[in-house]
Amino acid sequence: MHVWSQEVTLRLHERSGSITFSLPRAAWGLGSMATSSQSVEKPVPLEPQPEPGPESGPGRKHPSWQCLVFFLCFYGFMAQMRPGESFITPYLLGYKNFTQKQVTNEITPVLSYSYLAVLVPVFLLTDYLRYKPVLILQSLSYISVWLLLLFGHSVLHMQFMEFFFSLTMAARIAYSSYIFSLVHPAQYQRMAGYSRAAVLLGVFTSSVLGQLLVTVGRVFFTTLHYLSLAFLTFTLVLTILLKRPKRSLFFNHIEPAPGGGASPSELDQMHPGVDGPSGRKLGGMRLAAWTLVRMLRELGNSLQLPQLRLWSLWWIFNSAGYYLIVYYVHILWNVVEPTTDSTKVYNGGVDAASTLLGAITSFTAGYVKIRWALWAKLVIGVVTALQAGLVFLMYHTKSISLCYVAFVLFRGSYQFLVPIATMSVPAACCDLEAQQGAFLSDIFSAPPAEAT
């Protein structure tokens, strides 16, 4: 009588929720009789899987999810701490002794044209270089802006200042793209809310601080700009401490795992687990050229969707007009009421009020329950007509108070439609490629979101 040894294999299938016992070479009996392989499957309920996020492997310690969110939001908050920004135009007209004609016709237009020139290249570099180098460029450009403001004396110096400011505006996309590259798709909505709240809070705090220092503390504009330079230097240190992601939307894309699995998040790449998805990073010049062709193809395909085309065209043209108003409104205020006493310049207070109203309208827009596919054109028409009326009022009124109120309402109305457009564009897309094409159409034409 021969008894063959038993070989038992235990396999745990997490996804199917079953345990399989295999007995491939078990035999009991006389002579050479042996039974074939037997398998018994028994469903076993598994514990619910935690929400995707940073996980620590055995023997390793990684920053908690809360610490990562806090650092990113703190960086977004500090990047907006520029209390002197609301007072740049009065500073140029008063302290630097530039004429209104020079500021209007020779200095400010450089911002618009240089921004148009650098927007697309900076966007492509942002994706190709994986965000962090562009964020460092943005911080260095901000520092250059304030160094030129403080120590520059000629129109040429101020034109270079506007050029560096255009680089900071073009690089704003790096922050929003960067935070999404670090987290799992399940965390996108939460991170979008956290990051936007941090940015708006930073703009509000910076504007209030600047206004209080000018009106209550009677601080000179020059001192305010030195304070802004100190904040920006600290922000540069925070930028250097940021971790550079390993993937991006287009040029550094990770192929999905075999079997139709979703692309791994950056955190999965940083802390791979036993069952973490595997991906292969694409690279090379041929891939870069193919990526550009794919981007242009997706851009053309996305514009064929009627609802997507409507919101994208609104976003393009309304944002263009919006930013022109923002660029030149401080000059208009100086025309309505020339600056004679710096303590009575309320630019910071107006920026703070408009930011607060913009945050409220953005939040409210998320809870408006109507059929946007049916009422989108009417809402866009009404809001755009309101904006046109407010611009007309600012141009014709001789009251600086009415100018302030009209500008606050103008910014609030714009911020009301921005989140609606943000929600409507992906909803109008049938697949991921169309969403990426919509993203491109808005990025190439106008800033996707306002940071200041």
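**Exercise 1. How many of the 8 residues of helix 2 (residues 88-95) are buried?**

Solution. Keep in mind as you work that this is a predicted model.

Step 1. Helix 2 is mostly covered, with 6 of its 8 residues buried.

Step 2. Now put names to them: Ile88, Thr89, Pro90, Tyr91, Leu92 and Leu93 are the buried residues of this helix.

Step 3. Have a look at what comes next in the chain. Just after helix 2, asparagine 97 takes a positive phi of about 60°.

**Exercise 2. Work out how helix 2 is oriented against helix 4 (residues 132-151) and against helix 8 (residues 221-241).**

Solution. Take one pair at a time.

Step 1. Helix 2 packs with helix 4 at an angle of about 25°, and their axes are 11 Å apart.

Step 2. Angles under 35 degrees count as roughly parallel, and helix 2 and helix 4 are therefore roughly parallel to each other. Their crossing is left-handed.

Step 3. For helix 2 and helix 8, the packing angle is about 135° and the axes lie 10 Å apart. That makes helix 2 oblique to helix 8.

Step 4. Finish with the handedness of this second pair: helix 2 passes helix 8 in a left-handed crossing.

**Exercise 3. Find the salt bridges in the whole structure, and say whether their partners are buried or exposed.**

Step 1. Searching the whole structure gives 2 salt bridges.

Step 2. One of them joins arginine 82 to glutamate 85, with 2.5 Å between the closest N and O atoms. Arginine 82 and glutamate 85 are both buried.

Step 3. Aspartate 351 and arginine 411 also meet through their side chains in a salt bridge, at 3.7 Å from N to O. Aspartate 351 sits in helix 12 (residues 347-365) and arginine 411 in helix 14, so this pair ties together parts that are 60 residues apart in sequence.

Step 4. Check the surroundings of this second pair. Buried means under 20% relative accessible area. Aspartate 351 has 9%, so it is buried. Arginine 411 is at 5% relative accessibility and therefore counts as buried.

**Exercise 4. Compare two UniProt "transmembrane region" spans, residues 133-151 and 197-217, with the model.**

Solution. Start from the record, then turn to the model.

Step 1. An unreviewed UniProt entry lists several such spans, including residues 133-151 and 197-217.

Step 2. Residues 133-151 are 100% helix and 0% strand, with end C-alpha atoms 27 Å apart.

Step 3. For residues 197-217 the figures are 90% helix and 0% strand, and the end C-alpha atoms lie 28 Å apart.

**Exercise 5. Is tyrosine 113 buried or exposed, and how far is it from glutamate 162 in sequence and in space?**

Solution. Locate the residue before judging its surroundings.

Step 1. Tyrosine 113 belongs to helix 3 (residues 100-128).

Step 2. Exposed means over 50% relative accessible area; tyrosine 113 has 63%, so it is exposed.

Step 3. Tyrosine 113 and glutamate 162 are 49 residues apart in sequence, and their C-alpha atoms are 9.8 Å apart in space.

Key:
Residues are numbered from 1 along each chain as its sequence is written. This is a predicted model: local features need pLDDT of at least 70, side-chain atom pairs count only at pLDDT 80 or more; totals for chains, interfaces and linings use all residues. Side-chain values use heavy atoms; hydrogens and water are left out. UniProt positions are given in the numbering used here, feature names are shortened, and annotations may be inferred rather than shown by experiment. Helices (H or I, at least four residues) and strands (E, at least two) are DSSP runs, numbered from the N terminus. A salt bridge is a side-chain nitrogen of Lys or Arg within 4 Å of a carboxyl oxygen of Asp or Glu. Buried means under 20% relative accessible area, exposed over 50%, partly exposed in between (1.4 Å probe, protein chains only). Axes are lines fitted to C-alpha atoms, for helices over the stretch in contact, and angles run from 0 to 180 degrees between N-to-C directions. Angles under 35 degrees count as roughly parallel, over 145 as roughly antiparallel, 65 to 115 as roughly perpendicular and the rest as oblique. A crossing is left-handed if the near helix is turned anticlockwise from the far one by less than a right angle, and right-handed if clockwise.
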